[in-house]
Structure formats: C-alpha cells, structure tokens
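Trainee: I've just opened this one and could use a hand reading it. Can we go through a few features together?

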Amino acid sequence: MRALGRLCTDQGAPNIEVLEKLFKAIDENEDGYLSRTELKALVVGIRLEEINLHENDAIEKLMKDFDTSHDHRVEKSEFIAGVTKWLTEARGSEAPSPEAGPDTMKYLDDLHEQTRREHHFLGDQRDENVESVENPRSTAIKAVLLLLLGTVIAAVFADPLVDAVNNFSSATSIPSFFISFIALPLATNSSEAVSAIIFASRKKLRSASLTFSELYGAVTMNNLLCLSVFLALVYIRGLTWDFSSEVLVILIVCVVVGVFASVRSTFPLWTSLLAFLLYPFSLVLVYVLDYKFGWS
C-alpha cells in the first residue's frame, strides 16, 4: 500500500532495503526503535483479528519474537531478523499454491489462509474463560492429601488384587501375563481413554490442552512414579528380580515416544497409528523375552 516494494528478492531472500523502509514507516517518532504503540500499526496491518487473536496478545507475541535483547523495544536489526524469520516460516508452510513463488507475496496469503482454517477448526476460543484458582495453597494441600489417600488405598488393595489375578489365571488356565498386561490395563485405563476422546471431540483449544494434560499425568503416574516406587521396593527389600523384560519394554516405549514428540510439534493421524502399534509390539516383545529366551 505504501509502494515500499516486495519483501523478498527474486531469489527468495529477504529484501533488506524494503525491510528498512518498512521499519522507518512504522517508526513514527524516528528514534530508531519500535515501541509497543508503534508495533500496533504493524499488528493492525497483518489483520490478526481475522483469526480471533486479541490485539494486545498479538503485540505480546510480536515483542517476544522480535525483542531478542529484552529491552522492551525493537531495534532495526531485531525487526529485520524477526520479519526474516516470519518469511522463512511462511515459505516452509504446508500446501502452497502452484503460483506461489519466491518472487511473489502469494505464499504469505497462503500462510494466512491456512492459519485461518486451522483456527476455524479449533473454534472460537473467546468463549472459553480460564478459571483462576482462588486459593492455590489450599488446592495444593488438597492435591497432596488426595495423593496420600490414593497411596494408602493402593497399598491396602495391592495384595488382594494380586491374589485375585493369580486365582483367576488358575481357574481359567489363562497365563497371568495376559491378564496383567492386556485385561487389567484396558480396564484401569478405559476411563482416561473415554474422557480424552470426549475432550478432544469438542475441538477447542482449552479442551485439547486438558486432554494432553490428562495423558501426560497418566504417563507420569503409570510409568515414572509407579515404576520408581516398584524398583525402590525391590532394592530395599532385596526381592527377587523377575521383571527385566517388562521394565525394558517400558523404557523402550518411553524413549521412542519421547524422542518422536521432541522432534515434532504437529501430530497427523498416522502418528496415532504408530503409537497404537507400540502396544502389541510391547506384548510380543515381553512374551518372546520371557517364554522364548527365559528371562522370567
């Protein structure tokens, strides 16, 4: 609109001269820095309100991206580096149009439209009010007490549960391994699976966050905390160690999922299929190690 020129050269590199002109156009008081008030003009020009992003939130995110020196203002070099980062991300966005190229701004429109579609699928987030905790101290104490209560219940019913599994295994001639690693996990984790599906089906940002939080909590409790307590009891009481294969499988799954989640920020449908396949893989590996190689 200001006829400043294209942000990228014909080779696809950022056009530094045009970026400097843009910086000068936004810098109204010509002090060589961009304040929050001056950045507001850039936010309005990007039309972030079309994806339901509040203006003040947009300025905060922009300052976080651009203000690398953390002095609450944006220098020319920081501005150029920030816009360059944006352009790089835009060129790397998915599904660009056929006519989009390094010498045109069309791919920026493609990124904008793609972002609008993603926010549309998530729904309008403005109706989701985040509830604040009125008394964090009492809430934390209540959470600790509930954890202690759960520990006591688990300690009281642990022996009867093991006896019930052994008796059921003997009565039905089903190996206790299959009851412990197939029937019990499905029964104990069914409620978490159902609630996760219900939350995810709402397709809201907050409900999706709650789903991931519940899954992270289950992983922490089932794999890390329970395994640590179990290993501590084995070490302190000097118990016989017969669970090398089970622990090895848990470690393998945790490492595979952890590494996979560390290198990706989006998870298409095929990633869920990979996660599901880890379960039968774990059963087969434990069975082979215990009954074929005699680990048990």
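Trainee: Which residues does UniProt list for "transmembrane region"?

Mentor: The unreviewed entry lists residues 140-158, 178-200, 212-237, 243-263 and 270-289. UniProt positions are given in the numbering used here, feature names are shortened, and annotations may be inferred rather than shown by experiment. This is a predicted model, where local features need pLDDT of at least 70, side-chain atom pairs count only at pLDDT 80 or more, and totals for chains, interfaces and linings use all residues. Residues are numbered from 1 along each chain as its sequence is written, and side-chain values use heavy atoms, leaving out hydrogens and water.

Trainee: What percentage of residues 243-263 is helix?

Mentor: Helices are DSSP runs (H or I, at least four residues) and so are strands (E, at least two), numbered from the N terminus. Residues 243-263 are 90% helix and 0% strand, with end C-alpha atoms 31 Å apart. For residues 178-200 the values are 100% helix, 0% strand and 30 Å.

Trainee: Where is Glu-246 found, and is Glu-246 buried or exposed?

Mentor: Buried means under 20% relative accessible area, exposed over 50%, partly exposed in between (1.4 Å probe, protein chains only). Glu-246 sits in helix H9, residues 244-262, and is buried. Contact means heavy atoms within 4.5 Å; beyond its neighbours within four places in sequence, Glu-246 touches Phe-181, Val-286 and Asp-290.

Trainee: And why is Ala-13 called partly exposed?

Mentor: Because its relative accessible area is 35%. Ala-13 lies in the segment before helix H1 (16-26).

How values were computed. Lys and Arg count as positive and Asp and Glu as negative; His and the chain ends are not counted. A salt bridge is a side-chain nitrogen of Lys or Arg within 4 Å of a carboxyl oxygen of Asp or Glu.
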